[in-house]
Amino acid sequence: MSSDGGSNNINTLHKTQSSPAIENAIDRSAPNFTAALEKDETSYFDTNPPPPELEEFSQAAEAFVKLHCEHQRRVVLVTSGGTTVPLENQTVRFIDNFSAGTRGATSAEYFLEAGYAVIFLHRQFSLLPYSRHYSHSTNCFLDFLSEAAPTDAGSRKNSIVAREEYTAKMLSVLRKYKHAKRENLLLLLPFTTITSYLFLLKELAMKMRPLGGKALFYLAAAVSDFFVPRERMAEHKIQSGDFAEKDGEMELINPTAPGAGKKLIIDLDPVPKFLKRLVESWAPAAMIVSFKLETDSKLLLTKCRLALKRYSHHLVIGNLLQTRKYEVVFVDPESNYWLRLPQSTEEENGGKFASKQDSEIEALIVPEVVRRHGALIWDVVAATRSS
Ligand code: PMT
């Protein structure tokens, strides 16, 4: 992908082919894609701009942590949704990924149910706990409502009610949502770009330090592996033609010359793998759970084990893109452990692959993570007592 310092075959390929073979799209001459060191951290955070909301979010997190420390409550940071990679500083185009934030938003609800306070670091406009049941539904939210009949006992004229078939579920979701709000149990913090995500992850980890072992990191966001560093980013919208100033106006140069039509070749750097920094330096007392997404089932376990070895954290939860809603694998230094929802047959489900009874895999994942977090806290308490 390198346009200036890449290997010869890649440069030749760019000249001759608009869709290079995938193996040639990776520049193997680039430095190894390993865990970030302290110097990589300094360089990344010194050369990329912090998000404008960093200070405001930092203060909100500090107050949230203080409150829950006073109540001796466990706090989980759930990351959710995909990070974007802007191609221009005044961004018109960006690279994105598929994640809608289902895993994160659903898990956050189960953590709240388990008594945790939740910092929900999520991609702006992705799914949120509680509202997820209605916001991105194939129904428009108005389809859940109807006009109250003037004859309904107690109903006012010109008022709206939930349609009867949705009332029981909506009431239950509403009560849980109101409870979380009233008790200040859920802090919603949005990000959009990979850089904002990383600045916020580091800042929140620092603010969660007073929680010690009661802090849990549940990293379900789909984090970009490649980005355009600030110094190479175009300021304005990338143009498909060349322009030059003439007599005080911009004009298109050589619009009919051969080769005037352009290809866009994007040269991306690897995003430093900050998980190691999180484990060793930003949140050394916390429990850290990362997710690993693959599409090739033969690679999944190997990649989970590699991540665990490389970052030395507590748990990797592996999932495949195609089956992530029905099965995941817990990989820790000792074992692999599959969690699966019972599936209906394709026949039962009109040809679709789905779980039975509309159940959610997060209802199995979160209690298991909570159990392991509890065990880790007890291990630390026991070790402190015996020393
Ligand atoms: O939102 P849904 O549609 O429900 O989908 C949920 C999910 C599939 C996105 C989720 O379950 C999941 O697998 N999330 C992790 C996806 C991912 O980013 O995997 P990864 O292999 O790129 O990264 C693994 C870990 O390394 C991540 O926890 C990340 O925090 C960390 N990482 C990643 C990139 C990077 N540059 N630095 C990192 O530290």
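A residue is called buried if 20 or more other C-beta atoms lie within 10 Å of its own, exposed if 12 or fewer do, and partly exposed in between, with C-beta atoms placed from the backbone. Residues are numbered from 1 along each chain as its sequence is written. The model is predicted: local features need pLDDT of at least 70 and side-chain atom pairs count only at pLDDT 80 or more, while totals for chains, interfaces and linings use all residues.

**Exercise 1. Helix α7**

Determine how many residues of α7 are buried, and check the span of α7 against expectation.

Solution. Helices (H or I, at least four residues) and strands (E, at least two) are DSSP runs, numbered from the N terminus.
- Step 1: 13 of the 14 residues of α7 are buried, so this helix is largely enclosed by the rest of the structure.
- Step 2: The expected span of a helix is 1.5 Å times one less than its number of residues. For the 14 residues of α7 this gives 20 Å, which agrees with the 20 Å between its end C-alpha atoms.

**Exercise 2. A180**

Classify A180 as buried, partly exposed or exposed.

Solution. 
- Step 1: A180 belongs to helix α6 (residues 164-182).
- Step 2: A180 counts as partly exposed because it has 19 C-beta neighbours inside 10 Å.
- Step 3: Residues up to four places away in sequence aside, A180 touches L112, L185 and L186.

**Exercise 3. The ligand shell**

Describe the residues around the ligand.

Solution. A residue is near a molecule if its C-beta atom, placed from the backbone, lies within 6 Å of it.
- Step 1: The ligand is surrounded by 20 residues, of which T102, R103, S290, F291 and L293 are the closest.
- Step 2: The largest share, four residues, comes from β13.

Note on methods
Two residues are in contact if their C-beta atoms, placed from the backbone, lie within 7 Å.
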